[in-house]
Amino acid sequence: MKKLLLLAVCLFAVNSAFAGDVKFLVSEDLSYDDNIYLTDGNEKDSFISSTKAGVNYSNPIAGTGLDLSATALGGYDAYTEDNGKNGFWNAYANVDVKGDTLNIGDSFVYTSDQANSELTERAKRLNNNVYFSARTSKEKTFGLGVVANDSYDYYLDNPWKYDLTRNRVNAGVQAFYNISAKTSAFVEYVYTNIAYRDNTDSDSDGSTFALGIEGKLAPKVSGVAKINYVMRDWSHDIEGYSSYEDLLGYYVAVEWNPTARNTVRLSGERKFEESVYENNRYFADTLVSLYGSHKLTDKFTAGLTLAYENMDYDRENFNGKKRSDDLFTVRPELGYQFKEWLSAGAWYQWRTRNSNTNGNDYDSNKGGVFVKAIF
């Protein structure tokens, strides 16, 4: 957080002589959740009030070709079921400077949501992520780039404080072949170091080699897609298991706008994810999500999200079985734009987790209505 504030002060000092665009945001979401603890049996339900307020500042930095943006957002989720246990505050802040070939920033998150899809209990934690990327001009046929980020996860409550508080550093280089000014193919190498504050048995080093394409991928299609080969080497051996693992993964974030009234987004990732399940240090996390929206009228928009996630564990549990979970999510929603600054809507979400090990299945039904103002 200190890094974020220092960066904000420096950037605002540079930009203080220029008027910027300031927008305020307030929102309220009233929902019902029939399984707030994500359990299979003895489910507890609750009505939830989620209130948020924030501010966004944006402004071009004169003479640089760079855009400065800063966002601060906070809120509170209140539960009718044991709010002393379940109610929580959350906050988000980000400072970002972005140009055609440069992106530098710092983001901060404080939340009590689940840390990842392995868990069902909410985990109070904060994350601070400093990121940087730069590349040579996109106008020349070939270019070079560098990427780096430092991400720190701090958990406030046990046992997650011991198991998952860690710092992750990524640093890499890229080589681009610029097919056009808007489309580039690239190869990438990234070195990763993960250092735990307490649970040092899970410290690791790794390398990722990737091949991808980004920018304008086809008429009305833009985004990034890459396939990668990930290698991880843990500093501590577990008897009977190798300290080295590798994974063939991918990353996709693509948007298609076939008409002015339709949007389709495809996103997905396959990666190593840190684990606290028995003697597993990680699981292979495979995620695919498809979102589509259609403007029914000038004011009504309908949307639908379909998502699938698989969590595949490498090591056998105490019963001699390798855990594998499948998660399915369906989320339809409907929005209405009263004014340019005022919108409202309704949503429903069904989610289920099917596991080959006892006690990890659950079904969840949630639904709600919201109103949001940006002025």
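## Salt bridge between K138 and D100

In this predicted model, K138 and D100 meet through their side chains in a salt bridge, with 3.4 Å from N to O. A salt bridge here is a side-chain nitrogen of Lys or Arg within 4 Å of a carboxyl oxygen of Asp or Glu. Because K138 sits in the loop between β6 (125-135) and β7 (142-155) and D100 in the loop between β4 (88-98) and β5 (102-111), the pair ties together parts that are 38 residues apart in sequence. Strands (E, at least two residues) are DSSP runs numbered from the N terminus.

K138 is buried, with a relative accessible area of 18%, whereas D100 is exposed at 53%. Buried stands for under 20% relative accessible area, exposed for over 50%, and partly exposed for values in between (1.4 Å probe, protein chains only).

## Other salt bridges

By this rule the count of salt bridges is twelve. One of them joins the side chains of R261 and D298, at 3.6 Å from N to O. This pair links distant parts of the chain, with R261 in the loop between β12 and β13 (262-274) and D298 in the loop between β14 and β15 (300-316), 37 residues apart. R261 is partly exposed at 33% relative accessibility, and D298 is exposed at 62%.

Another salt bridge is formed by E333 and R331, whose closest N and O atoms are 3.5 Å apart. E333 has a relative accessibility of 30% and counts as partly exposed; R331 is partly exposed too, at 23%. Salt bridges with shared partners also join R323, D325 and R353 into one network.

## K295 in strand β14

K295 belongs to strand β14 (residues 282-295). Its relative accessible area is 29%, so K295 is partly exposed.

Apart from neighbours within four places in sequence, K295 is in contact (heavy atoms within 4.5 Å) with R261, F300 and T301. R261 is the residue that forms a salt bridge with D298. K295 and N262 are 33 residues apart in sequence, and their C-alpha atoms are 6.6 Å apart in space.

## S202 in a loop

S202 is placed in the loop between β9 (183-196) and β10. Is this residue buried or exposed? S202 counts as buried, because its relative accessibility is 8%. When neighbours within four places in sequence are left aside, the contacts of S202 are Y196, W234 and R281.

## A nonpolar surface patch

V187, F209, L211, I227, Y229, Y244 and L248 make a nonpolar surface patch of about 660 Å². The elements that give two or more residues to this patch are β10 (204-218), β11 (221-234) and β12 (244-259). Patches are built from residues with over 30% relative accessible area and no salt bridge; like charges are joined within 9 Å, and nonpolar side chains (Val, Leu, Ile, Met, Phe, Trp, Tyr) within 5 Å. Accessible areas come from the Shrake-Rupley method with a 1.4 Å probe, and for residues only the protein chains shown count as cover.

Y244 is one of the patch residues and lies in strand β12. Y244 is partly exposed, with a relative accessible area of 36%.

## Basis of the values

Residues are numbered from 1 along each chain as its sequence is written, and side-chain values use heavy atoms, with hydrogens and water left out. As this is a predicted model, local features need pLDDT of at least 70 and side-chain atom pairs count only at pLDDT 80 or more, while totals for chains, interfaces and linings use all residues.

Technical notes: Helix = DSSP H or I, 4+ residues; strand = E, 2+ residues; numbered from the N terminus.
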